[in-house]
Amino acid sequence: MSNIWKTKPLSQLLDESAESEEGLKKTLSAGALVALGIGAIIGAGLFSITGLAAADYAGPGIMISFVIAAVGCAFAGLCYAEFASMIPVAGSAYTYSYATMGEFIAWIIGWDLVLEYAVGSATVASSWSGYLGKLFNAFGVALPQELMMTPFDTYTLNGVVHSGFVNLPAVFIVTIMSLVLIKGTSESAMVNNFIVFLKVGIVFVFIFVGFKYVKAENLTPLIPENTGKFGSYGWSGIIRAAAVVFFAYIGFDAVSTAAQETKNPKKAMPIGIMGSLIICTVLYIIFAYVMVGVVNYKEFTAGSGGDHLAPVAIAIEHMGSVVNGTVVPEYPWLNTTIIFAILLGYSSVILVMLMGQSRVFYSMSKDGLLPKVFSEIHPKFRTPYKSNLFFLVFVSLFAALVPGRVVGEMTSIGTLFAFILVCIGVLVLRKTQPNAPRAFRTPLVPLIPILGVLTCLGMMVFLPIDTWIRLVAWMMIGLDVYLYRGIKNSILGNADGNGNDNKTYRITSYCGLALTVLLGILAYFHHLDIEAGGADTGLIAFSVLMVIVHLAIYIFYLVKKNNN
């Protein structure tokens, strides 16, 4: 059997989770994990994507979309909880996949998690910058626009178009959150708990203030009639909105990355994962009810950057009495408060995403698939500080120099893919190791994992083709890294002295060729959907280049390894 399918023994994983002077420090309780999950979940999704999805896809039915997305998360969350109670090791879905489906699948999911955590935190940081500018504007202070935008963004001043220079606020927030993480996990949890307390309080204020202004006519019909276009209202719109607002739930899975730093992970992990998910689901549905009940969903806008504040701002502007046909807001101060809440929400999301990313790379480095620098622990703080520093630089550069256009769908598809593998992993482990100790058992197996796979896959199918193109291209780059470095440095693969087997290289290359063909097919169908002069032509050119280059790479490896 090729080393590519080798699984990591549970006994070895449990030994790694034991606390030592050289390892990660165990400081987190079940309550801290719940707060950690809430800190990651409540953020960009609640304050921005809710309005976008209601305006473009679901209308008042956005509440149903949240329920559908929550059901998918619940299925996956139950599977996560079983794994986290069995394998309390840093690394989340990467570690679970290594224990059940082998190194190759583990590498794929670990690389996929970069899409969720690192890229996600960079885009949130970019958006954080725009809201900081709005907060200063509320107090009459105008920050230099060129220092809040990337070189590829433009703004108009006195009729003249100017280009940005660097997004400094985005660099600032990433730096601060990274330094907090380096200082220690318990300190990070304290900061996160404070932020969670404040932003959840503001969410409650919005709900209680807005509840009395909800109008029945804004909620009727609950599911607007489909426009004749797939995904534009009707049930297809409800499901597409569920896939889009799934971004709003991303974060509860990040709780599992802190398993190795939890005092009693077998009991605390299920509480942290499911507790944070349940609390946020209830808040989301009520928040959405108030938002689309106060104002007609058609009045919401779907801009970018700071414009994502519009749905909440419009709802607040309609919380008042009508004077001469015009609504006079009774709580204008709430807009500034909501901006503050968004800044706090984004900050905690960045904090948890950066922590999750560093812990995934910590585990991959310990397995030899990535350089050792990512698993080096600070002698005093006992955190993977070099990994934190690397992502401080990487995420800061990305946020400072790359336009911060929200890629919620791209992050969602990566996370949905991770959830599918976790659900499959539970089925595999129940079959291969049925007697392994489990502090928490996913109920109704195999029904729950199968429903988790089908629900998540269904939401993936409803995402746009260009999102699939980016996912496939990212996975191809990951295979490049695995072929060039991961296979020959794998600790598990070389454990029996038979590492670097040619079969592993060939299987990886064949998988790469399959992805290359898939990318070509997706690019072709995407091309058919593009209108003349559409902005997506650049993605087509990128896809063609990726296909040509990678055909050469994978054929080279196949020829080389077949001849050896």
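**A loop and its setting**

Analyst: Leucine 444 has a relative accessibility of 59% and therefore counts as exposed. The model is a predicted one. Leucine 444 sits in the loop between H14 and H15. Its backbone carries a positive phi, near 55 degrees, in a residue other than glycine.

A cis peptide bond in this part joins valine 445 and proline 446, with omega about 15 degrees. Proline 446 is placed in the loop between helix H14 (408-432) and H15.

Leucine 444 also takes part in a nonpolar surface patch of about 450 Å², together with Leu447, Ile450, Leu451 and Leu454. Of these, leucine 454 belongs to helix H15, which covers residues 447-461. Because its relative accessibility is 53%, above the 50% cut-off, leucine 454 counts as exposed.

A cis bond is also found at another proline. The peptide bond from threonine 220 to proline 221 is cis, with omega near -5 degrees. Proline 221 lies in the loop between helix H8 (185-210) and helix H9 (234-245).

Buried positions give the other side of the picture. Aspartate 112, in helix H6 (residues 103-138), is buried yet has no salt bridge. The nearest side chain of opposite charge is that of arginine 470, 13 Å away. Leaving aside residues up to four places away in sequence, aspartate 112 touches Gly414, Thr415, Phe417, Ala418, Leu471, Trp474 and Met475.

Trp474, one of those contacts, is also a member of an aromatic cluster with Phe104, Trp107, Trp111 and Tyr482. The count of aromatic pairs comes to 21. In one of them, the ring centres of phenylalanine 104 and tyrosine 482 are 6.1 Å apart and the planes stand at 50 degrees, so the pair is tilted. This pair links distant parts of the chain: phenylalanine 104 is in helix H6 and tyrosine 482 in helix H16 (residues 465-489), 378 residues apart. Phenylalanine 104 is buried, with a relative accessible area of 4%, and tyrosine 482 is buried at 0% relative accessibility.

A further pair is made by phenylalanine 374 and phenylalanine 390, whose centres lie 5.1 Å apart with planes at 85 degrees, so the pair is edge-to-face. Phenylalanine 374 lies in the loop between helix H12 (333-366) and helix H13 (385-401), and phenylalanine 390 lies in helix H13, so the pair ties together parts that are 16 residues apart in sequence. The relative accessible area of phenylalanine 374 is 9%, so this residue is buried. Phenylalanine 390, at 38% relative accessibility, counts as partly exposed.

Chain totals complete the setting. The secondary structure of the protein chain comes to 18 helices and 4 strands. Of its 564 residues, 60% count as buried. Among contacts between residues at least 6 apart in sequence, 79% join residues at least 24 apart. The accessible surface of the protein chain is about 21,800 Å², and 67% of this belongs to carbon and sulfur atoms.

Terms used: Residues numbered from 1 in each chain as written. Predicted model: local features only at pLDDT ≥ 70, side-chain atom pairs only at ≥ 80, totals over all residues. Heavy atoms only, no water. Patch = residues over 30% accessible without salt bridge, like charges linked within 9 Å, V, L, I, M, F, W, Y side chains within 5 Å. Areas by Shrake-Rupley, 256 points an atom, 1.4 Å probe, with all protein chains shown as cover. Salt bridge = Lys/Arg side-chain N within 4 Å of Asp/Glu carboxyl O. Helix = DSSP H or I, 4+ residues; strand = E, 2+ residues; numbered from the N terminus. Buried < 20%, exposed > 50% of the residue type's maximum accessible area, 1.4 Å probe, protein only. Lys, Arg positive; Asp, Glu negative; His and termini not counted. Contact = heavy atoms within 4.5 Å. Phe/Tyr/Trp six-rings, centres within 6.5 Å; stacked < 30°, edge-to-face > 60°.
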